[in-house]
Amino acid sequence: MPMFACQSSPGSSSQPIAAYGFPMPLAESDIKELLSFTYMRAIAARAGFRVNHPYPDRQHDDLQIDSCGRLEPDGWSAARIDFQVRATTTIPLADGGEFGFQVERSLYDDLRDDRRCAPLLLAVFIMPPNPEQWLSATAAELITRHCAYWGNIKGAPPIEAESRVLHVKRANTLTAASLTDLMRIAGRRQEIGDAL
């Protein structure tokens with residue numbers, strides 16, 4: 001067994017087994033989080049933006065994406081958008097419409113805060129239920145499944161419940177092109193709204 005593989009202690013629950021036949025060193029939730037961050041970093045890199053991972057994360061800003069300069073001649077000197085990134089395997093991939101995604105009240109309050117220096121958007125990375133479909137790599141291509149969607153509730157009313165289901169539009173896919181559009185809006189210090 002490879003040295004880096006975690007072994008279950010006697011009496012403990014068995015760990016998930018990776019595709020290579022040994023226990024996974026990370027929990028499945030950790031892997032989903034890392035793959036969702038990787039997706040965000042990939043589209044940001046393709047669009048030519050810098051990605052920062054603030055530590056410690058105190059305001060649900062998992063990733064900060066900035067432009068390192070003006071995106072337009074009359075824009076501000078830099079643009080930045082903060083993202084709270086969540087991964088899920090329970091939402092089916094579909095075209096059109098919207099899907100519901102439940103968030104805790106603390107995240108809801110940070111997302112709706114209209115006094116932040118930079119916009120805070122929710123990014124929901126939808127993954128297949130089967131872990132073996134999450135990522136594949138060959139000499140010809142690298143594939144990650146499926147994609148991320150963004151949502152914005154800045155200025156939403158407060159809630160008393162412990163959580164709230166947000167409605168995310170499936171038209172709001174996060175790609176290098178859509179991220180660039182969002183960053184241009186942020187670079188003009190304009191409101192992003194809930195759709196492009």
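Which strands does helix α2 lie across? Helix α2 (residues 105–112) lies across β3 and β5, and runs at about 125° to β5. Axes here are lines fitted to C-alpha atoms, for helices over the stretch in contact, and angles run from 0 to 180 degrees between N-to-C directions.

1. **Ground rules.** Please keep in mind that this is a predicted model, where local features need pLDDT of at least 70 and side-chain atom pairs count only at pLDDT 80 or more, while totals for chains, interfaces and linings use all residues. Residues are numbered from 1 along each chain as its sequence is written, and side-chain values use heavy atoms, with hydrogens and water left out.

2. **Overall layout.** The protein has three helices and nine strands, and from the N terminus on its elements run α-β-β-β-β-α-β-β-β-β-β-α. Helices (H or I, at least four residues) and strands (E, at least two) are DSSP runs, numbered from the N terminus. Of the 196 residues, 40% are buried; buried means under 20% relative accessible area, exposed over 50%, and partly exposed in between (1.4 Å probe, protein chains only). Among contacts with a separation of 6 or more, 59% come from residues 24 or more positions apart, a contact being heavy atoms within 4.5 Å.

3. **The five-stranded sheet.** An open sheet has the strand order β1-β2-β3-β5-β8, with mixed pairing; two strands pair if DSSP finds at least two bridges between them. β1 (50–52) and β8 (147–151) stand at the edges with a single partner strand each, so one side of each is left without a neighbour in the sheet. The twist averages 30° from one strand to the next.

4. **Pairings within that sheet.** β1 and β2 are antiparallel over three bridges, and Asn52 has Gln64 in β2 as its bridge partner. β2 and β3 are also antiparallel, over four bridges, with Gln64 opposite Asp82 in β3.

5. Helix α1 lies across β1, β2 (63–66), β3 (80–88), β5 and β8, and runs at about 140° to β3.

6. **How α1 meets α3.** Helix α1 (residues 28–47) and helix α3 (residues 176–187) pack at an angle of about 70°, with their axes 8 Å apart. The two helices are therefore roughly perpendicular to each other (angles under 35 degrees count as roughly parallel, over 145 as roughly antiparallel, 65 to 115 as roughly perpendicular and the rest as oblique). Ile43, Ala44, Arg46 and Ala47 of α1 make the contact with Ala176, Leu179 and Thr180 of α3. These residues divide into five nonpolar, one polar and one charged; Ala, Val, Leu, Ile, Met, Phe, Trp, Tyr, Cys and Pro count as nonpolar, Asp, Glu, Lys and Arg as charged, and the others, Gly among them, as polar.

7. **The core.** The largest nonpolar core has 46 residues, and Met40, Ile65, Phe83 and Leu174 have the most contacts inside it. Such a core is a set of buried Ala, Val, Leu, Ile, Met, Phe, Trp, Tyr and Cys residues joined through side-chain atoms within 4.5 Å. Not counting residues up to four places away in sequence, Phe83 touches several residues, including Met40, Ile65, Leu120, Leu174 and Leu179.

8. β4 pairs with strand β9 (residues 163–169) in the antiparallel sense over seven bridges, and Phe99 stands opposite Val168 in β9.

9. **Backbone points to check.** Most residues other than glycine have a negative phi, and most peptide bonds are trans. The peptide bond from Arg145 to His146 is cis, with omega near 0°, and His146 is in the loop between β7 (142–144) and β8. Cys68, in the loop between β2 and β3, has a positive phi of about 60° although it is not a glycine. Arg189 likewise has a positive phi of about 60° without being a glycine; Arg189 is in the segment after α3 and is partly exposed, with a relative accessible area of 44%.
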